[in-house]
Amino acid sequence: MSNQAVEIEILGKVTRVNCPPGQEESLLKAAKDLDLRLKEMQAKTKVTNEVHLLTIAALNCCYELQTSTTALSTKQDSINERMEKLSVSLDEALSKVKQGQQ
């Protein structure tokens, strides 16, 4: 299956972007999100230079991704620690059961 060209609009400019089949809606949603972020940032900061706006937006997105990744990693570490404790507890319980059977 080949990529599908999808038209997106960001800051009033239409761009055609290749997209894997079945991902068109996600791409359009991401484009709308980016467009909204840029327009909000433009209104708040009065920055009109598109390159500057896009740079700030890219940095914000990277920061959000890093924050989410760190939070996910912390949760995963916590889950792994709990699973390890549970495994030790189960091993101890099984050991006691085996000792009681002898």
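Asp-35 is buried at a relative accessible area of 12%, where buried means under 20% relative accessible area, exposed over 50% and partly exposed in between, with a 1.4 Å probe and protein chains only. The model is predicted: local features need pLDDT of at least 70 and side-chain atom pairs count only at pLDDT 80 or more, while totals for chains, interfaces and linings use all residues. Residues are numbered from 1 along each chain as its sequence is written, and side-chain values use heavy atoms, with hydrogens and water left out.

Asp-35 belongs to helix H1, residues 24-45; helices (H or I, at least four residues) and strands (E, at least two) are DSSP runs numbered from the N terminus. Its side chain reaches the backbone nitrogen of Leu-11 at 2.6 Å. Apart from neighbours within four places in sequence, Asp-35 is in contact with Glu-9, Ile-10 and Leu-11, contact meaning heavy atoms within 4.5 Å.

## Two residues with positive phi

Most residues other than glycine have a negative phi. Leu-11, which is not a glycine, has a positive phi of about 50 degrees. Leu-11 sits in the loop between strand S1 (4-10) and strand S2 (13-19), and counts as buried at 17% relative accessibility. With neighbours within four places in sequence left aside, Leu-11 is in contact with Asp-35, Leu-38, Lys-39, Gln-42, Glu-50 and Leu-53.

Lys-46 is not a glycine either, and has a positive phi of about 65 degrees. Lys-46 is placed in the loop between H1 and helix H2 (50-101). Leu-11 is buried, whereas Lys-46 is exposed, with a relative accessible area of 64%.

## Nonpolar core

The largest nonpolar core has eleven residues: Val-6, Ile-8, Ile-10, Leu-11, Cys-19, Ala-31, Leu-38, Met-41, Val-47, Leu-53 and Ala-57. S1, H1 and H2 each supply at least two residues of this core. A nonpolar core is a set of buried Ala, Val, Leu, Ile, Met, Phe, Trp, Tyr and Cys residues joined through side-chain atoms within 4.5 Å.

Met-41, one of the core residues, lies in helix H1 and is buried, with a relative accessible area of 11%. Leaving out neighbours within four places in sequence, Met-41 is in contact with Lys-46, Leu-53, Ile-56, Ala-57 and Asn-60.

## Packing of H1 and H2

The axes of H1 and H2 come within 10 Å and cross at roughly 115 degrees. Axes are lines fitted to C-alpha atoms, for helices over the stretch in contact, and angles run from 0 to 180 degrees between N-to-C directions. On the H1 side the contact is made by Leu-34, Arg-37, Leu-38, Met-41, Gln-42 and Thr-45, and on the H2 side by Leu-53, Leu-54, Ile-56, Ala-57, Asn-60, Cys-61 and Glu-64.

The C-alpha atoms of Met-41 and Glu-64 are separated by 16 Å, the two residues being 23 residues apart along the chain.

## Cysteines

A search of the whole structure finds zero disulfides, a disulfide being a pair of cysteine sulfur atoms within 2.5 Å. Cys-19 is in no disulfide, and the nearest cysteine sulfur, that of Cys-61, is 17 Å away. Cys-19 counts as buried at 3% relative accessibility.

For Cys-61, the closest cysteine sulfur is in Cys-62 at 7.1 Å, which is too far for a bond. Cys-61 counts as partly exposed, at 33% relative accessibility.

Methods
Polar contact = N/O pair within 3.5 Å; in protein donor to acceptor, adjacent residues only side chain to side chain.
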